[in-house]
Amino acid sequence: MRLPPDLLLSAYSQGWFPMAHEDGELYWHEPDPRAILPLATFHVSRSLQRTLKKAQFDVRRDTAFTAVIHACAAPQPGREETWINTDIIQAYELLHKLGYAHSVETWQNGRLVGGLYGVSLQGLFAGESMFSHETDASKVALVHLVGHLRVRGFQLLDVQYMTPHLRRFGAVEISAAAYRQRLAQAMQVATVF
């Protein structure tokens, strides 16, 4: 296995994560600036609040991890290539079996329509990827994730790179040095997903 669990967990504890590139090789990333989503100031828009009130999705955790990671890896319009290759899938499926990788899923009429996955380690949750087959499905999963992390006492939600989508939820960019400081604090927190 190219990404054994001990290597992955050590990397996350130091601020690194792997991504597959177009050449099929795996590269380690430590973005500077780093995007995080502060749990205390997470913002939910009015339109998303209306969606949440409708309760049109059934939200579950860790019931379909493999389906979620495969959906995240699938090509989408405008994104034919993804950084999630077979090596990544196998490594994170094993992390899931070991209790470190988790999924949050949105279901509608018994069908998986959105979700996200990431890695939890002490007080860190590193969000890896999300997908949506229905409007707001991945957003609802993210809202549920943030609520769950707050309840469990997590300190840091790493979203790696800034996107306009994440910025709307209140994501901010901080320096790699500031991220490492927050990460060190999160590694002192004894909690589980």
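The side chains of histidine 29 and histidine 21 make a polar contact at 3.0 Å, where a polar contact is a pair of N or O atoms within 3.5 Å; within protein, one must be able to donate a hydrogen and the other to accept it, and residues adjacent in sequence count only if both atoms are side-chain atoms. Histidine 29 sits in strand E2; strands (E, at least two residues) and helices (H or I, at least four) are DSSP runs, numbered from the N terminus. With 15% relative accessibility, histidine 29 counts as buried, a label that means under 20% relative accessible area, with exposed being over 50% and partly exposed in between (1.4 Å probe, protein chains only). The model is a predicted one, in which local features need pLDDT of at least 70 and side-chain atom pairs count only at pLDDT 80 or more, while totals for chains, interfaces and linings use all residues. Residues are numbered from 1 along each chain as its sequence is written, and side-chain values use heavy atoms, with hydrogens and water left out.

On to the charged pairs. The structure holds 7 salt bridges, each being a side-chain nitrogen of Lys or Arg within 4 Å of a carboxyl oxygen of Asp or Glu. One of them joins aspartate 158 to arginine 34, with the closest N and O atoms 2.7 Å apart. This pair links distant parts of the chain, since aspartate 158 belongs to strand E8 and arginine 34 to strand E3, 124 residues apart. Both partners are hidden from solvent by the accessibility criterion: aspartate 158 is buried at 1% relative accessibility, and arginine 34 is buried with a relative accessible area of 1%.

Elsewhere, Arg2, Glu25 and Asp87 are linked in a network of salt bridges.

Next come the rings. The structure holds 6 aromatic pairs, defined for rings of Phe, Tyr and Trp (its six-membered ring) with centres within 6.5 Å; planes under 30 degrees apart count as stacked, over 60 as edge-to-face and the rest as tilted. Phenylalanine 65 and tyrosine 117 have ring centres 5.7 Å apart and planes at 80°, so this pair is edge-to-face. It brings together distant parts of the chain, with phenylalanine 65 in helix H3 (residues 65-73) and tyrosine 117 in strand E6 (residues 111-121), 52 residues apart. Phenylalanine 65 is buried at 3% relative accessible area, and tyrosine 117 is buried at 0%. Together with Tyr92, these residues form one aromatic cluster.

Phenylalanine 154 and phenylalanine 193 make up another edge-to-face pair, 6.5 Å centre to centre and with 75° between the planes. Phenylalanine 154 lies in the loop between helix H5 (137-152) and strand E8 (156-160), and phenylalanine 193 in the segment after helix H7 (176-186), so the pair ties together parts that are 39 residues apart in sequence. Phenylalanine 154 is buried, at 5%, and so is phenylalanine 193, at 14%.

The peptide bond from aspartate 32 to proline 33 is cis, with omega near 10°, and proline 33 is in the loop between strand E2 (26-29) and strand E3 (34-36). Aspartate 62 has a positive phi near 55° without being a glycine; its place is the loop between strand E4 (58-61) and H3. Asparagine 109, likewise not a glycine, has a positive phi of about 50°, and its place is the loop between strand E5 (101-108) and E6. Aspartate 62 is partly exposed at 28%, while asparagine 109 is exposed at 82%.
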